[in-house]
Amino acid sequence: KNNISMRLSWISKASTNKNREDSWFKSLFVRKVDPRKDAHSQLLAKKEDTNLYKIQFHNVKPECLDAYNKASEEVLPSINADSHYPCELIGTWNTWYGEQDQAVHLWRYRGGYPALTEVMNKLRQNKEFMEYRNERGKMLLSRRNQLLLEFSFWNEPTPRPGPNIYELRSYQLRPGTMIEWGNYWARAIEFRQQNSEAVGGFFSQIGSLYMVHHLWAYKDLQSREDTRNAAWQHEGWDEVVYYTVPLIQHMESRIMIPMKTSPLK
């Protein structure tokens, strides 16, 4: 009898696991948004002609980090404060945990690609910025950037008081899965706004494609740990994690400290 009971239990468990796997597999083909209706950027984002974002990653020579920060803090806020440029500096940070000796800058261009082009053209005529750019080049090991759109269901990033630490979680998705990601996270974000930790959510348009960036704010590392653990107490969070993990090819987490002049403190 014990052997029969064990056998029945195993069959029941195997059947449950198979049903769950079948459910996950089918979910990849069940879209709440019809991808044939329009481009993914139009389906997932706020209006593209309103906000465009640029994120910059600068890997700095270790011995030059202090000089790089000082130069950036002198020049970048002046561009942000000048209405001549249709752009805003959302945040500027140094990576604390993750890739070391790195600076991350996030800009918003209200007006989309025309605003980006206008800023680029005007900066070429800005003597102070061009001098900064030349000096900056001597301090860097490498640099890269991406143009991003913001998910329609995330908050728009706004300045906030500090002190805070920020986590930038970056996900390289499997091609063709952005719609599924957006559908699941449109629900998941409701579980992660209890402590106002959600700052912004973006996906790439130019640069590394099928990239998603989630930006979070916490008081400290322990607050981050407590907040993330609390999400598992919400019914439905485990389901979101279960279904979104298979969509990811690679993921990375950066803990970042705001520079002195960052609007996100």
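Helices (H or I, at least four residues) and strands (E, at least two) are DSSP runs, numbered from the N terminus. This is a predicted model, where local features need pLDDT of at least 70, side-chain atom pairs count only at pLDDT 80 or more, and totals for chains, interfaces and linings use all residues. Residues are numbered from 1 along each chain as its sequence is written, and side-chain values use heavy atoms, with hydrogens and water left out.

**View 1. The largest pocket holds about 510 Å³ of space.** Its lining has 23 residues, and those closest to the centre are Lys54, Gln56, Met120, Phe129 and Asn145. Which elements supply at least two residues each to this lining? They are β1 (51–60), α3 (65–81), β3 (102–110), α4 (112–123), α5 (127–139) and β4. The largest share, five residues, comes from α5. Here a pocket is an open set of points on a 1 Å grid over the protein atoms alone, with protein on both sides within 12 Å along at least five of seven lines; a cavity is a set where a 1.4 Å probe fits but cannot get out, and lining residues have an atom within 4 Å of a point. Points are joined across faces, edges and corners, and a volume is the space filled by probe spheres set on them.

**View 2. Now for the largest cavity, with about 40 Å³ of space.**

**View 3. Strand β6 (residues 198–206) is largely enclosed by the rest of the structure, because seven of its nine residues are buried.** Buried means under 20% relative accessible area, exposed over 50%, and partly exposed in between (1.4 Å probe, protein chains only). β6 pairs with strand β4 (residues 140–150) in the antiparallel sense, over four bridges; two strands pair if DSSP finds at least two bridges between them. Glutamate 150 has phenylalanine 202 of β6 as its bridge partner. With strand β7 (residues 211–218), β6 pairs over five bridges, again in the antiparallel sense, and phenylalanine 203 stands opposite valine 212 in β7. Four residues sit between β6 and β7 in their hairpin, and glycine 207 in the turn has a positive phi of about 110°.

**View 4. Here are some of the eleven salt bridges in the structure.** Side chains of opposite charge can pair when their charged atoms come close. A salt bridge here is a side-chain nitrogen of Lys or Arg within 4 Å of a carboxyl oxygen of Asp or Glu. Glutamate 167 and arginine 169 meet at 2.8 Å, N to O; glutamate 167 is buried at 0% relative accessible area, and arginine 169 is buried at 10%. Glutamate 197 and arginine 192 form a salt bridge with their closest N and O atoms 3.4 Å apart, and both residues are buried. For glutamate 252 and arginine 254, the closest N and O atoms are 3.7 Å apart. Is glutamate 252 buried or partly exposed? Glutamate 252 is partly exposed, at 27% relative accessibility, while arginine 254 is buried at 1%. Salt bridges also link Glu88, Arg108, Arg110 and Glu156 in a network.
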